[in-house]
Amino acid sequence: IKGPEVLESTRRVDTIVLDKTGTVTTGRMTLQAVHTAPGTTESDALRLAGALEHASEHPIAQAVATGAAERTGAALPTPEDFANVPGLGVQGVVDGHAVLVGREQLLAEWEIRLPADLAARKAEAEAAGRTAIAVAWDGEARAVLEVADAVKDTSAEAIGRLRRLGLTPILLTGDNRAVAESVAAEVGIDEVYAEVMPQDKVDVVKRLQAEGRSVAMVGDGVNDAAALAQADLGLAMGTGTDAAIEAGDLTLVRGDLRAAPDAIRLARRTLSTIRTNLFWAFAYNVAALPLAAAGLLNPMIAGAAMAFSSVFVVGNSLRLRGFKPSPSDTPSPSGV
């Protein structure tokens with residue numbers, strides 16, 4: 001917890017925005033399927049796409065790179081002129097080919113369109129809740145890769161706990177709406193903001209604040225840093241990037257989303273304890289000082305009473321050491 005003002009923020013928040021990848025889901029994507037256009041081999045598609053994605057740190061990119069290396073059984077070539085296009089994908093030159101890997105919008109910026117068969121495969125993958133990645137080189141769309149992420153076993157339980165704390169959960173992601181809504185339905189979230197560009201995440205938080213909501217944000221990536229800083233309460237996953245941790249008000253040491261409601265409960269209880277201590281000290285002095293000034297209190301008794309007041313405040317604060325996370329009370333998503 002970075003400062004005392006964070007404790008006050010936990011009492012006011014009524015909405016919590018959750019980044020999807022790495023927060024609600026494991027962030028460990030795996031390559032599920034490869035669909036190629038006529039005349040393109042799976043090996044070529046994986047070799048060129050994998051080479052570019054290997055240079056990126058995004059979980060989806062790493063899944064493609066890992067899957068490509070495993071399926072081709074060979075070392076991936078080193079790309080040239082590599083560039084990350086925020087929110088859209090990556091581009092570069094691999095073995096003399098100008099390669100694009102990412103969203104369909106990235107290809108559209110280069111006036112490249114998916115052929116009908118690949119567009120159909122992409123739609124099927126997204127309808128099944130998977131992320132579809134388009135691959136193009138030398139001015140033509142050549143393949144669609146399917147990547148899937150798994151929801152953390154504890155996410156549905158964490159969402160239930162957040163609701164019981166009076167918070168409205170919202171899922172925020174750059175993934176397509178079909179994937180986002182599939183994940184949201186699995187964990188029990190009703191409100192979804194999908195296909196949000198990294199630089200637009202902060203705008204979503206501002207929009208919610210303009211509606212009069214007090215917003216908490218939970219994230220773990222570089223793309224979440226601005227939104228974490230803008231939120232009334234930023235909770236960074238300790239397993240995330242340094243940028244997210246630095247931008248957050250409160251860092252969750254574990255990668256388990258259940259740590260979020262536990263942290264909010266602990267912060268609220270700490271704030272309540274501070275207020276109880278202040279009330280006791282204030283009320284005690286208001287009652288005792290006039291008696292002491294009037295000579296109605298023996299100095300020995302007054303000194304002992306003051307010591308007791310201090311012991312009470314310290315003892316009341318030490319009760320926080322007995323705080324325990326909520327026990328598991330809902331089945332994991334796999335058991336739903």
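This is a predicted model: local features need pLDDT of at least 70, side-chain atom pairs count only at pLDDT 80 or more; totals for chains, interfaces and linings use all residues.
Contact is taken here to mean heavy atoms within 4.5 Å.

Aspartate 19 has leucine 172 of β8 as its bridge partner.

The largest nonpolar core comprises 31 residues, of which Ile16, Leu18, Leu171, Leu235, Leu252 and Leu257 touch the most other members. At least two residues of this core are supplied by each of β1, α7 (155–164), α8 (177–187), β10 (215–219), β11, β12 and α12. Another core, of 23 residues, lies apart from it and includes Leu46, Ala63, Val64 and Leu145. In soluble globular proteins, nonpolar side chains tend to be buried together. When neighbours within four places in sequence are left aside, isoleucine 16 is in contact with Leu162, Leu167, Thr168, Pro169, Ile170, Ala216, Val218 and Ile264.

Helix α9 (residues 201–210) has as its buried residues Lys201, Val202, Val204, Val205, Leu208 and Gln209. These residues lie on the same side of α9, because they cover an arc of only 160 degrees around the axis. An α-helix has 3.6 residues a turn, so residues three or four places apart point the same way. The buried residues of α9 pack against β1, β8, β9 and β10, and also against α10 (225–230). After α9 comes glycine 212, with a positive phi near 95 degrees.

Two packed helices are described by the angle between their axes and the distance between the axes. For α12 and helix α13 (residues 299–318), the angle is about 170 degrees and the axes are 9 Å apart. Angles over 145 degrees count as roughly antiparallel, and α12 is therefore roughly antiparallel to α13. From α12, Thr273, Thr276, Asn277, Trp280, Tyr284 and Asn285 take part in the packing. They meet Ala302, Ala305, Met306, Phe308, Ser309, Phe312, Val313, Asn316 and Ser317 of α13.

Note on methods
Residues are numbered from 1 along each chain as its sequence is written. Side-chain values use heavy atoms; hydrogens and water are left out. Two strands pair if DSSP finds at least two bridges between them. Helices (H or I, at least four residues) and strands (E, at least two) are DSSP runs, numbered from the N terminus. A nonpolar core is a set of buried Ala, Val, Leu, Ile, Met, Phe, Trp, Tyr and Cys residues joined through side-chain atoms within 4.5 Å. Buried means under 20% relative accessible area, exposed over 50%, partly exposed in between (1.4 Å probe, protein chains only). The arc is that of the directions from the helix axis to the C-beta atoms. Axes are lines fitted to C-alpha atoms, for helices over the stretch in contact, and angles run from 0 to 180 degrees between N-to-C directions. Angles under 35 degrees count as roughly parallel, over 145 as roughly antiparallel, 65 to 115 as roughly perpendicular and the rest as oblique.
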